[in-house]
Amino acid sequence: MEPPTHTTTAKGAVQVEEPTRAERVIARRAAESRATVPDVELTVIVDMSAAVAARPELYAGAAEVPTLTAVVVRAAALALREHPRANGAYRDGKFELYARVNVGVAMMSAGGIAVPTLADADAKTTLEIDGELRAFAASVRDGTITPPELAGATFTVWDLGTLGITSFSPPVLPPQAGILAVGAVREVPVVRGQDIVAGHEMNLTLACDHRILYGAQAAGFLTRIRALLEAPVELLG
């Protein structure tokens, strides 16, 4: 990498830096996504009260309670199995529908963003997904993540809720059909019958390639994820 250069302008001193190789890839893919993918976004509010309450109790004997990211990934994986278009791609004027459900999970790295892949995520328990995510996060942090671990994703989940972000608009990662943006779980007042009680809500935003995943199909996929999270028996069992 070339050393930074310095100039002086009306804006004051300016330091010009060369992006890293990883940052160049991110810039290229982001520009490609916004320029070539006719995306559509849908957002739902998810009642996370049951999932938040059940996790500590169900995993009391586990070494670690699975993160909510792992729970969302599991829900997305099950929904992808039921909605083949979401687990596909639009490429060269044709639809590609994939037999395997491989969920990429975006993670911050020293060079920007890495997206390790959970292969066959629909066949794994939440505990198994959580264990892989923790291992991936450690590898991303220390720079030992390998190219095979970053390849083969059929769909991506990006959770910025851990950073306090409530909702955001992610770029679709071509040629995938969609990406799921996960916001922070927040405490809110909820009306239950005649009472107002404390509850937990989370925003999910699905950005999808409208050439393969149309509005009604995308809505069906996203609402299925919401249904799984709101009644998380299949996710936490």
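Student: How many aromatic pairs does a search of the whole structure find?

Tutor: This is a predicted model, in which local features need pLDDT of at least 70 and side-chain atom pairs count only at pLDDT 80 or more, whereas totals for chains, interfaces and linings use all residues. Residues are numbered from 1 along each chain as its sequence is written, and side-chain values use heavy atoms, with hydrogens and water left out. Rings of Phe, Tyr and Trp (its six-membered ring) pair if their centres lie within 6.5 Å. For the whole structure, the number of aromatic pairs found is three.

Student: Why is the pair of W158 and F168 given its class, and what is that class?

Tutor: Planes under 30 degrees apart count as stacked, those over 60 as edge-to-face and the rest as tilted. The ring centres of W158 and F168 are 5.4 Å apart. Their planes stand at 80 degrees, so the class is edge-to-face.

Student: Which parts of the chain does this pair link, and how many residues apart are W158 and F168?

Tutor: Helices (H or I, at least four residues) and strands (E, at least two) are DSSP runs, numbered from the N terminus. W158 belongs to strand β10 (residues 155–159), and F168 to the loop between β10 and β11 (178–182). The pair thus links distant parts of the chain, with a separation of 10 residues.

Student: Are W158 and F168 buried or exposed?

Tutor: Buried means under 20% relative accessible area, exposed over 50%, and partly exposed in between (1.4 Å probe, protein chains only). W158 has a relative accessible area of 17%, and F168 has 15%. Because these values fall under the cut-off, W158 and F168 count as buried.

Student: Which residue has a side chain joined by a polar contact to that of T156?

Tutor: A polar contact is a pair of N or O atoms within 3.5 Å; within protein, one must be able to donate a hydrogen and the other to accept it, and residues adjacent in sequence count only if both atoms are side-chain atoms. T156 is found in strand β10 and is buried, at 0% relative accessibility. At 2.8 Å, the contact joins the side chain of T156 to that of Q176.

Student: Which residue forms a cis peptide bond with P174?

Tutor: The omega angle of this bond is about 5 degrees.

Student: Which element gives the largest share of the lining of the largest pocket?

Tutor: On a 1 Å grid over the protein atoms alone, a pocket is an open set of points where a 1.4 Å probe fits, with protein on both sides within 12 Å along at least five of seven lines; lining residues have an atom within 4 Å of a point. The largest pocket holds about 810 Å³ of space and is lined by 29 residues, with V25, R29, I113, A114 and V115 nearest its centre. At least two lining residues come from each of α1 (21–36), β8 (112–114) and β10. The largest share, seven residues, comes from α1.

Student: How many residues in the lining of the largest pocket are nonpolar?

Tutor: Ala, Val, Leu, Ile, Met, Phe, Trp, Tyr, Cys and Pro count as nonpolar, Asp, Glu, Lys and Arg as charged, and the others, Gly among them, as polar. Six residues of this lining are polar and three are charged. The nonpolar residues number 20.

Student: Which element gives the most to the lining of the second largest pocket?

Tutor: This pocket contains about 450 Å³ of space, and A106, M107, A137, D159 and T162 lie nearest its centre among 17 lining residues. At least two residues are supplied by each of β7 (107–109), α4 (126–142) and β10. With six residues, the element that gives the most is α4.

Student: Is D92 buried or exposed?

Tutor: D92 lies in the loop between β4 (88–91) and β5 (94–97). It has a positive phi of about 55 degrees, although it is not a glycine. Because its relative accessibility is 71%, D92 counts as exposed.

Note on methods:
Points joined across faces, edges and corners; volume = space filled by probe spheres on them.
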